Amino acid sequence: MGILEKIKEIEAEMARTQKNKATEYHLGQLKARLAKLRTELQAPSSKGGGGESGFEVQKYGDGRVALIGFPSVGKSSLLTLLTGTESEAAAYEFTTLTCIPGVIHYNDSKIQLLDLPGIIEGAAEGKGRGRQVIAVCKSADLLLMVLDATKPLYHKQILTRELEAVGIRLNRQPPNIYFKKRKTGGISINSTIPLTHLDDKLIQRVLQEYKLHNCELLFKEDCTVDDLIDVIEGNRRYIKCLYVYNKVDMCSLEEVDEIARWHNSIPISCSLKLNMDGLLERIWDMMALVRVYTKKVGAKPDFAEPVVLTSDRGGTTLEALCRQIHNSMVQQFKYALVWGTSSKHYPQRCGLSHQLEDEDVVQIVKKKVNTGEDGRGRFKTTSDKPLRIADREKKPALKT
């Protein structure tokens, strides 16, 4: 029996099992077994020979945004409008067969936008090159799920379910669970708050499914069995997602107003170029990019080329800024002067752990480096006189 047959058998057993207090332990084991099989399904094949080629492109710019959705919803048209990159658009499905990159120039930053082929139901199992599309989605900082406003609303649920099956969690934070494998000592389970969805027996059943007999678990929030399985798997990707409803020019004003009020949703129209500026603003807000302008001593700040930081790529601290400029900057760092909304007064003297905010101005002061032949720097900090009195040069007595 193959992996797909095992997955369908477990899903059928979970569907016919009643959910109550007596069956929650059995369902927990089935969920753990299903997660293991899906991880095996996504793993590359160990057989030799050339497999199906992917279409990963090199990362460029300050962030990466991927377009995902069903065929013929307007992804290629949206890429052309936002980046100017020509992507073939036609009335038939699967017009785009590979990954087409483009660059959005917005607020002095460069954001890479990827147009991916349309996915269909069953993409998590490899249908329609779904594995290659989802692999590119895992490398993105933000997903734009393009939906047709004239189609049924369950299309969003289908796409979300396909992404969930391969370990992509949309608009969620990682569960606050400390997990560590040990060689000896048995299983240690602790929690800082009462657990309403888990108990020790259910946790041990899940750990037994993964053959973990020595580990340490600390729950810092009320989690479910799905959160526990995600932490044990350790390969989940938590990505922000913006739901873009295209073709709203074919809907009524009441429907457009309702779509605009949904959480993380925005209505647009590629054919009439409606709400393109609003879409760029939402992309900027969700990516939370931080522009930092550098300043030399005695000179004006350089507002032409900012250093763009983000919490998904290294963080937004002064240390992350130094590492992005040069790796040796952290060792040479002495202090920094910061102007902007993150400082309490202008300028504020800050250390490496200071959190920067958008449009801050930073002047970095480095340590003095010994560059002289005698081991001293440009400005001497010690005297040239001998340390002992006996070694001092005796001057002749003054003539009287």
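Buried means under 20% relative accessible area, exposed means over 50%, and partly exposed lies in between, with a 1.4 Å probe and protein chains only. The model is predicted: local features need pLDDT of at least 70, side-chain atom pairs count only at pLDDT 80 or more, and totals for chains, interfaces and linings use all residues. Residues are numbered from 1 along each chain as its sequence is written, and side-chain values use heavy atoms, with hydrogens and water left out.

Start with the charged pairs. A salt bridge is a side-chain nitrogen of Lys or Arg within 4 Å of a carboxyl oxygen of Asp or Glu. The whole structure holds 17 of them. One joins glutamate 359 to arginine 291, with the closest N and O atoms 3.2 Å apart. This pair links distant parts of the chain, 68 residues apart. Glutamate 359 sits in the loop between strand 14 (348-350) and strand 15 (360-366), while arginine 291 belongs to strand 11 (residues 290-294). Helices (H or I, at least four residues) and strands (E, at least two) are DSSP runs, numbered from the N terminus. Glutamate 359 is partly exposed at 45% relative accessibility. Arginine 291 is buried at 7%.

A second salt bridge pairs glutamate 319 with arginine 323 (3.1 Å, N to O). These two are 4 residues apart in helix 10 (residues 318-325), so about one helical turn separates them. Both count as partly exposed: glutamate 319 at 30%, arginine 323 at 43%. Elsewhere, salt bridges that share partners join Glu164, Arg169, Arg172, Asp227, Asp230 and Arg236 into one network. Within it, the side chains of glutamate 164 and arginine 172 meet at 3.6 Å, N to O.

Now look at threonine 316, in the loop between strand 12 (307-309) and helix 10. Threonine 316 is buried, with a relative accessible area of 14%. Its side chain makes a polar contact with the side chain of glutamine 355 (2.8 Å). A polar contact is a pair of N or O atoms within 3.5 Å; within protein, one must be able to donate a hydrogen and the other to accept it, and residues adjacent in sequence count only if both atoms are side-chain atoms. Leaving out residues up to four places away in sequence, threonine 316 touches residues including Val290, Leu309 and His354. Contact here means heavy atoms within 4.5 Å.

Helix 3 (residues 75-83) comes next. Its buried residues are Lys75, Ser76, Leu78, Leu79, Leu82 and Thr83. They span an arc of only 160° around the axis, which puts them on the same side of helix 3. That arc is taken from the directions from the helix axis to the C-beta atoms. The buried residues pack against strand 1 (63-69), strand 2 (100-106), strand 3 (109-115), strand 4 (142-148) and helix 9 (276-287). Glycine 84 follows helix 3, and its phi is positive, near 85°.

Finish at an open sheet of 3 strands, in the order 6-8-7 with mixed pairing. Strands pair if DSSP finds at least two bridges between them. Strand 6 (177-181) and strand 7 (187-191) stand at the edges with a single partner strand each, so one side of each is left without a neighbour in the sheet. Strand 6 runs antiparallel to strand 8 (residues 215-219), joined by 5 bridges. Tyrosine 178 has leucine 218 in strand 8 as its bridge partner.
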